[in-house]
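Please keep the sequence and the structure in view while reading.

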Amino acid sequence: MKRQIAKYKEKLAADGSADPLRIAFLAKDDILIAEGPADLLPLGEEILARLNVVCAVLAEPSLPFIDFLVRRATGEEPCLVPRDTETRTFLHDIPLLRRADRGDSEKIAALLRRRKGIIVEGLGIVATGAFTPEQAFIHYCSVFHAAFVKYLLDVLQDGFLLPGEEAAFADLRQSWLQPIAIGDLTFASGPLEDRTAILAEIARVGRYTVGKRLVDSAFGNISWRDGQTILISQTGAHLDELAGCIDPVPNDNSSTAGVTASSELAAHRRIFEATGARAILHGHPKLAVVMSMLCEHQAGCNIADCWRQCPRVRFVGGTPTVAGEIGAGGLAEKVAPVIGETGRALVFGHGVFTLGRNGFGEAFAALVEVENWCREEFCRRLQRETSGTAR
Amino acid sequence: MKNSLNGWHGSMLRVDLSTGESRREPIPESWLHGYLGGRGLGVRLLRDFYRLEPLAPEMPLVFAVGPLCGSPAPTSAHLAVVSRSPLTGTIYDCSAGGRFAWRLKSAGIDALFLTGRAPRPSVLAVTPQGVEVMDAAALWGRRIEATVAALAERGSVAAIGPAGENKVLFANIIMGEGNSVGRGGLGAVMGSKNLKAIVVDGDRKTVIADPQRLQAARQDVMRLFKASPVIFGQLGIAEYGTPTLVDLMHQRRMAPTENFRRTVFDAAVNYSGPAIRRAFEVKKDGCFGCPIQCKKSTKQGEHLPEYETVSHFGALNGIADLHSIVRSNSLCNELGMDTISAAATLSAWGEAQGRFPTAEEMGPLLEATAHRRGIGDRLAEGSRRWAVGAGKPQLSMSVKALELPAYDPRGAYGMALAYCTSNRGGCHLRAYPIAHEILRKPVPTDRFSFAGKARIIKIAEDTNAAIDSLVACKFSFLGASLEEYGALVSAVTGHEFSPQDLKDIGERIYLSERFYNLENGFSMADDVLPERFFCEPGSSGEGIEVPAIDRARFTEELTKYYRIRGLTDAGRFADAGFLERQP
């Protein structure tokens with residue numbers, strides 16, 4: 001348990017989602033194990049004592065947008081309801097607690113009795129894991145991701161509303177929204193034939209996606225077509241820890257051992273069938289998610305569930321963008337027909353799929369290009385929308 | 001009786017089969033809020049009876065639905081049957097899906113509470129208008145299909161077969177569509193009451209407090225089902241049924257083979273999910289109203305076996321012939337007998353004989369068991385009693401006399417612990433650690449490590465006790481969680497239940513069951529795996545080492561589990577007044 005806590009504490013710091021000095025991780029085995037700043041641990045202990053779960057994490061995000069998000073919420077609004085895939089599918093909504101209650105373990109625990117993760121103004125994000133520290137880490141990342149996406153969408157729509165917000169955004173732009181450079185990365189030149197070499201390349205490319213802060217570790221999947229078998233990351237696998245987490249899935253379904261494969265197996269299969277590609281990379285880069293949700297056809301459109309029902313193929317910076325829910329929710333049917341020509345596709349509120357015809361280098365470069373374009377375009381639009389509104 | 005509740009009807013029907021008398025009576029609201037329904041309500045209703053012998057006429061047999069039954073909540077057409085098991089001696093419940101549960105709720109009751117022994121073979125008919133106890137002389141001795149066919153016009157049927165009539169200790173109660181109330185021999189309890197079948201019908205609606213919230217919660221659940229590879233994935237249970245696990249268990253080297261002497265059976269490929277699909281024109285089937293439809297049947301309507309059944313009638317007995325396995329499954333269903341215990345008992349017997357039953361011998365042995373003919377009379381007592389009687393107790397691969405299902409504990413240490421802490425004996429479903437140790441849901445855990453498993457098992461047991469009381473299907477939780485089901489039950493009842501509230505209820509139910517068991521003489525000595533698992537390794541290979549379980553580490557984690565549960569290091573209650581403090 002101690003090793004797991006140390007590992008996920010380090011991951012939160014490394015992926016930039018939490019201030020390394022403000023992460024408290026607590027877990028119950030038959031005794032309590034706690035790591036973190038002394039001022040947070042007593043609160044964490046009180047919260048955990050009130051819940052029938054294994055683990056809790058209390059951490060302050062590395063950027064102040066969480067607090068801005070809470071302060072921008074008007075009145076007694078009890079929760080945030082973003083519409084990105086993470087929130088829509090796994091969180092439903094994110095309860096908020098105001099600053100006055102940030103030290104009240106009873107109120108915090110009461111919200112955590114209902115939801116996996118919450119936002120506490122002046123404290124940050126508090127998330128639990130029913131079974132393991134890894135779960136608490138994933139729930140923290142989900143809340144962080146959803147809140148990040150919502151904040152950027154809100155700012156773009158409403159401008160800067162609070163003192164200090166524009167300056168903070170300038171910091172965010174500097175630390176998070178710079179173009180990603182990949183000149184330092186190397187990729188095996190394909191096509192890859194040796195199974196050991198393929199698995200090693202998948203593991204390496206997975207580490208790249210997280211190392212470049214392109215994708216959070218639990219928010220993506222990857223595959224390689226090896227003859228009549230697809231090698232694909234398992235459900236719940238972390239992109240930076242793929243060794244031993246790749247399932248071989250035969251195309252003819254002669255074995256079902258791959259029932260543990262990623263929930264996007266159907267999409268990967270359809271894309272391979274439609275394109276003849278060898279490699280697929282899928283992740284949820286934050287700005288790509290944000291930009292996928294900006295639709296120029298909204299005026300006069302009466303579709304409410306855009307992520308599911310929108311029949312259009314839109315283009316975001318030249319990348320075809322479609323609707324479709326994850327797993328068996330229809331995404332596979334929507335992405336496969338549109339991805340072949342450009343080698344990339346966006347899914348509304350969800351993330352990016354990219355292709356490699358012979359190796360992962362092409363897929364990785366495409367993923368970076370999509371995200372870089374979205375970062376630049378977002379900043380350009382924000383500048384346009386907020387000129388004159390800043391405080 | 002006017003009902004001011006949403007979700008529940010707030011009433012139960014008591015029937016004394018000895019006299020034929022019946023009466024409806026209200027269920028205290030505190031019990032509904034404190035135990036929900038299903039398993040929990042059944043456990044509460046047994047509080048004054050749990051010391052009775054399982055086959056004593058006064059021992060209640062409770063059929064209880066939950067607040068979700070009768071609503072559009074996914075996988076909620078389920079009920080629990082609760083009594084004391086003649087096989088294990090423990091408090092016992094079993095969840096089963098199907099139209100029977102729905103119709104029982106439509107009869108206007110949350111629970112059917114049966115006591116006594118009918119003077120002659122009988123059928124009980126329940127409707128909102130009343131109760132009728134009918135003569136069943138013409139049905140006694142008949143198999144399930146014939147019994148159901150004879151009664152189907154009157155409503156949904158739950159019946160026993162010859163195995164229940166003959167009090168085979170692992171006799172099932174079978175619902176009209178083929179769903180089993182399985183494992184612990186509640187069919188024998190029904191048989192001991194001279195009750196051949198129950199038929200229910202009605203038109204009472206389940207009142208829903210907040211239909212709009214229910215619809216939103218339902219959509220959340222469906223979205224999670226679609227996101228779950230195990231449920232709606234291309235290789236998931238909606239496509240292949242639970243036999244989709246055959247290839248996975250083979251690959252993980254944890255498929256019990258030849259009475260658990262080995263853990264790999266190369267011929268398992270003959271009865272894998274894809275093999276079954278190839279051999280039969282498989283159609284989707286399943287519980288009434290369930291969107292998953294994980295059961296599979298032939299075009300002619302013959303039910304195809306579940307994972308545990310194919311593996312135990314296959315690998316556990318060294319049988320590679322799929323058609324023989326399907327025949328064994330169908331025969332058990334017709335005779336009203338549990339497939340896991342039947343196959344495991346025959347496997348223990350086979351090991352003692354020096355050879356396992358052949359495919360050809362399987363049918364006659366099952367018939368002999370159900371009718372208690374010849375050797376079948378001893379096999380009908382289950383593997384523990386048979387093995388002790390034969391002077392070879394070590395051959396019974398069971399915990400608390402309940403035969404272990406098809407997940408070898410040497411390949412999943414949470415499973416090893418959960419078999420022992422389960423209040424109904426060696427069952428995989430109480431904590432269902434296969435979800436995280438094998439299927440990676442909700443999060444993967446290291447299957448070859450005990451670290452952290454004590455608390456995980458405790459929390460999962462609490463969670464599943466709540467699920468069994470809602471009542472919902474456990475497979476739902478390979479996608480959804482108590483967050484979504486908390487929203488469903490809050491929407492249906494109008495009473496707010498958070499996921500933690502539900503786990504608190506689950507904990508109360510689990511501890512009540514353990515209290516009953518301890519009062520009936522169970523102790524830490526019963527919370528243990530068969531010796532084989534501590535001294536014989538599994539079948540290592542292909543880079544996977546399957547050693548014997550480290551006994552010291554197992555015991556350490558079990559002691560830790562007791563501590564986490566708030567019990568003494570010997571697994572007992574420090575507080576003798578625990579039950580009195582519960583609603």
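## The sheet of chain A

What order do the strands of the open sheet of 8 strands in chain A have? The order is 10-9-8-11-15-14-13-12, and the pairing is mixed, where strands (E, at least two residues) and helices (H or I, at least four) are DSSP runs numbered from the N terminus, and two strands pair if DSSP finds at least two bridges between them. The model is predicted, so that local features need pLDDT of at least 70 and side-chain atom pairs count only at pLDDT 80 or more, whereas totals for chains, interfaces and linings use all residues. Residues are numbered from 1 along each chain as its sequence is written, and chains are lettered from A and ligands numbered from 1 in the order in which they are written.

Strand 10 (246-250) and strand 12 (314-316) of chain A are at the edges, and because each has a single partner strand, one side of each lacks a neighbour in the sheet. Neighbouring strands are turned by 25 degrees against each other on average, direction ignored, with axes taken as lines fitted to C-alpha atoms, for helices over the stretch in contact, and angles running from 0 to 180 degrees between N-to-C directions. Within the sheet, strand 14 (residues 344-347) and strand 15 (residues 351-356) of chain A form an antiparallel pair over 4 bridges, and A:Ala345 has A:Phe353 of strand 15 as its bridge partner.

Helix 8 (residues 195-211) of chain A packs on this sheet, touching strand 8 (220-226), strand 9 (229-233), strand 10 and strand 11 (279-283) of chain A, where contact requires C-beta atoms, placed from the backbone, to lie within 7 Å. The direction of helix 8 makes about 155 degrees with that of strand 8 of chain A.

## The contact between the chains

Chain A gives 39 residues to the contact and chain B gives 45 residues. On the side of chain A that touches chain B, helix 6 (133-158) and helix 9 (265-275) of chain A are the elements that give two or more residues.

## Two helices of chain B

In helix 18 (residues 413-421) of chain B, 9 of the 9 residues are buried, so this helix is largely enclosed by the rest of the structure; buried means that 20 or more other C-beta atoms, placed from the backbone, lie within 10 Å of the residue's own. These buried residues pack against elements of chain B including helix 20 (453-470) and helix 24 (551-565).

Among the buried residues of helix 7 (residues 211-227) of chain B are B:Leu214 and B:Phe225, and their cover includes helix 4 (85-91) of chain A.

Technical notes:
Two residues are in contact if their C-beta atoms, placed from the backbone, lie within 7 Å. A residue is buried if 20 or more other C-beta atoms lie within 10 Å of its own, exposed if 12 or fewer, and partly exposed in between; C-beta atoms are placed from the backbone.
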